[in-house]
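Colleague: I am new to this structure and would like to learn how to read it. Could you take me through some of its features in turn?

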Amino acid sequence: MSSRRRWWQFGLAIVGCCGTTGIAAAADTPPLATVFAYKPSQKDVECESPAVADYPKCKVDVERRGKVSGWVVFGPGGQVVRRFVDTDGDGSVDQWRYYNLGMEVFRDIDTNKNNKADQCRWVNFAGSRWGIDTNEDGRIDQWKHLSAAEASREAINAIAAGDMPALQSLMINAEDLRSLGVARETAAKLLEASGGAVKTISASKSKLLGAGTKWMRFDAQMPSLIPGDDERAGKDLLVYENAMVIVENGGASGLVQLGEMVLVGDVWKLTQAPLPIEGTETIAAGGILMQPVLSAGAPTGGNAPSPEMQKLLTDLQKLDDAQPQAGATREDVAKYNARRAELILGLYKQAEGAEEKEMWLRQLVDGLAAAVQTGGDVEGLSQLKKLETDLRKSSPESKLVSYAEFRVLQSEYTLQIMAVQETEKRTELQKQWLESLAAFVKKHPESEDAPDAMLQLAVTEEFNSRTKEALEWYRRLAALKVDSSAVRRAEGAIRRLELKGKSLALSGPMLGEGTLDVAKLRGKTVLVIYWATNCVPCTEDLPELRQLYQAYKPKGFEIVGVCLDMDPKPVAEYIQTHKVPWPHIYEGKGLESPAAIQYGVISLPTMLLVNAQGIVESRNTSVQDLKLQLPRLLK
């Protein structure tokens with residue numbers, strides 16, 4: 001029987017005395033087994049579901065605020081885990097709300113009063129997605145609200161699952177283009193690109209993008225505004241020009257090009273198939289919307305491009321229309337990149353106004369850097385260096401000087417590392433790379449790339465066991481106080497590196513059901529292990545860890561795993577195959593999991609040892625260390 005049935009089918013009608021609509025008496029609260037039989041309609045919802053053994057510690061209370069009434073469910077720790085709400089006073093539940101760590105993360109909504117969810121919303125720290133399930137089959141048919149980052153994740157997840165209808169729902173369509181008033185010729189090109197997305201993905205033989213691909217991070221510059229009085233559309237358009245996604249597959253990470261993304265109402269839509277950047281197989285090209293208008297109806301007078309610029313624009317469009325396809329030779333790709341760089345450089349020189357010049361220059365820098373770092377294009381590096389030199393001479397105060405300089409540094413280091421295999425030479429190159437990054441930060445402390453440079457410096461110093469130097473960089477990064485994932489990770493790393501002698505605060509949803517809080521294990525010696533199924537050292541440590549667990553568990557030893565996999569299915573299979581007996585915190589967000597960011601975890605395994613008083617004995621222990629530490633702590 002569906003979990004979306006009426007309360008009266010459970011004997012749980014929300015009807016008060018004397019026939020008035022209201023909340024039933026507290027004595028009529030539903031049994032907990034019935035309450036927890038309700039599950040979110042979507043699979044990726046992380047909410048607390050207490051274990052059956054903890055049901056006696058849970059309770060259900062009546063709740064009413066004005067016309068809104070329902071039931072609130074409290075977990076074993078006193079935190080809210082569910083709410084079932086009648087929002088309009090008609091006696092039937094029309095919202096099923098789910099909580100994690102005491103905060104609402106998801107709600108199913110019945111808007112048409114047939115006791116089935118036809119909308120669903122992710123809220124608070126679960127994001128901002130709002131989906132519509134038109135036929136109430138548990139699948140999102142269209143989106144009401146979707147951020148750019150969430151749209152990119154939905155696209156990657158759809159491709160990984162082979163769910164092409166889900167991917168198509170994320171692509172811009174004819175109705176979207178009509179609502180935006182996009183010009184007919186431009187709309188036709190966008191529809192052709194978006195309409196062929198499923199076919200392009202289905203025909204792809206990419207090793208990076210496919211089954212098993214895990215979304216890691218959305219990566220894009222600030223969105224661009226195309227004004228409504230431009231002939232490309234009838235209203236203002238908000239566009240990401242060349243959005244990227246960082247993904248992982250089989251332990252290997254890489255970039256996937258999303259291209260242009262367009263805001264339609266409150267939903268970001270894709271305009272082309274997501275394409276992996278693998279060697280020279282995929283070439284980043286300009287999008288359709290952000291290409292200057294080339295039609296005969298272009299604006300006249302002061303807004304019309306000069307004959308020189310018009311020719312460059314026409315040549316660029318022709319070049320992009322005939323760009324190298326998958327399987328093209330390195331020579332063909334190099335020739336394409338060189339010619340494109342030449343044309344964009346010409347457009348940059350012809351452009352009038354700082355904004356237009358910056359647009360062309362960023363496009364040129366990004367394209368050349370991608371060609372170097374993914375395909376080893378040596379000629380591209382020479383062009384990139386010349387660009388930086390020219391910019392430094394012509395506009396020394398421009399923020400694009402540091403932008404180009406950072407990508408020159410990255411590209412040089414990439415080519416150097418690709419060219420050598422000897423460990424000693426690689427060590428020397430890494431030393432030079434760190435010196436270059438430090439010099440960049442000193443020279444451009446407020447640049448947009450300074451946080452990433454600082455994080456790379458801090459992480460590398462920590463990997464090389466230079467904790468003091470790592471902390472210095474982490475602290476400098478944290479002091480920036482900007483909204484950045486690099487800053488949040490630095491704050492967590494400082495917390496982790498200074499853990500010894502302090503209490504450990506760590507809790508999160510368990511793999512399966514319930515919540516795991518390390519503080520509730522006070523009185524036991526606890527080993528916290530950050531791990532993942534693809535972490536080879538984690539697997540190598542397992543036999544000895546199982547032996548230690550079996551020997552010392554009766555004496556008060558406990559292990560808590562923090563799994564940083566994105567997909568729960570291989571985790572369950574791994575635990576069963578390797579007979580892992582201890583519980584795990586699992587948030588499904590990889591290194592972006594709150595439990596990982598909280599302590600700035602950068603490598604696996606990371607093992608924290610906590611004594612019976614809840615104080616951290618070691619922030620970086622090992623199996624060999626444990627053999628000496630446990631007998632002392634468990635006397």
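Predicted model: local features only at pLDDT ≥ 70, side-chain atom pairs only at ≥ 80, totals over all residues.

Colleague: How many helices and strands does the protein have?

Modeller: There are 19 helices and 21 strands in the secondary structure.

Colleague: What share of the residues is buried?

Modeller: The cut-off for buried is a relative accessible area under 20%. Of the 635 residues in the protein, 49% are buried. Contacts can be read along the sequence as well. Taking contacts between residues at least 6 apart in sequence, 58% join residues at least 24 apart.

Colleague: How do I read the length of a helix, say helix 11?

Modeller: Compare its span with the span expected at 1.5 Å a residue. Helix 11 covers residues 400–419, which is 20 residues. From first C-alpha to last it reaches 29 Å, close to the expected 28 Å.

Colleague: How many residues of helix 11 are buried?

Modeller: The count is 15 of the 20, so helix 11 is largely enclosed by the rest of the structure.

Colleague: At what angle do helix 11 and helix 12 pack?

Modeller: A packing angle over 145 degrees counts as roughly antiparallel. Helix 12 spans residues 423–443, and helix 11 packs with it at about 175°, the axes being 10 Å apart. Helix 11 is therefore roughly antiparallel to helix 12. On the helix 11 side, the contact residues include E405, F406, L409 and Y413. On the helix 12 side, they include L429, W433, F440 and K443. By class, this contact of helix 11 with helix 12 has eight nonpolar, five polar and three charged residues.

Colleague: Which way does helix 13 run relative to helix 14?

Modeller: The axes of helix 13 and helix 14 (residues 467–478) come within 8 Å and cross at roughly 160°. Helix 13 and helix 14 are therefore roughly antiparallel to each other. Their crossing is left-handed. Among the residues making the contact are M454, L455 and A458 of helix 13 and A470, W473 and L477 of helix 14. The residues of this contact of helix 13 with helix 14 divide into 10 nonpolar, no polar and four charged.

Colleague: How is helix 13 placed against helix 15?

Modeller: Here the cut-off to know is that angles under 35 degrees count as roughly parallel. Helix 13 (residues 450–463) and helix 15 (residues 485–497) pack at about 25°, with axes 10 Å apart. The two, helix 13 and helix 15, are therefore roughly parallel to each other. Helix 13 passes helix 15 in a left-handed crossing. P451, D452, L455 and E462 of helix 13 meet A486, R496 and L497 of helix 15. By class, the contact of helix 13 with helix 15 has four nonpolar, no polar and three charged residues.

Colleague: Which residues does E260 touch?

Modeller: E260 lies in strand 12, which covers residues 252–264. E260 is buried, at a relative accessible area of 1%. Not counting residues up to four places away in sequence, E260 touches several others, including Y240, K269, Q272 and M290.

Colleague: What should I look for in the backbone?

Modeller: N115 has a positive phi of about 65° although it is not a glycine. N115 sits in the loop between strand 5 and strand 6, and at 12% relative accessibility N115 counts as buried. K579, also not a glycine, has a positive phi of about 50°. K579 is in the loop between helix 17 and strand 19, and at 62% relative accessibility K579 counts as exposed.

Colleague: Where is there a cis peptide bond?

Modeller: One joins L604 and P605, with omega about -5°. P605 lies in the loop between helix 18 and strand 20.

Definitions and conventions
Residues numbered from 1 in each chain as written. Heavy atoms only, no water. Axes fitted to C-alpha atoms, helices over the stretch in contact; angles between N-to-C directions. Helix = DSSP H or I, 4+ residues; strand = E, 2+ residues; numbered from the N terminus. Parallel < 35°, antiparallel > 145°, perpendicular 65-115°, else oblique. Left-handed = near helix turned anticlockwise from the far one by under 90°. Contact = heavy atoms within 4.5 Å. Nonpolar A, V, L, I, M, F, W, Y, C, P; charged D, E, K, R; others polar. Expected span 1.5 Å × (residues − 1). Buried < 20%, exposed > 50% of the residue type's maximum accessible area, 1.4 Å probe, protein only.
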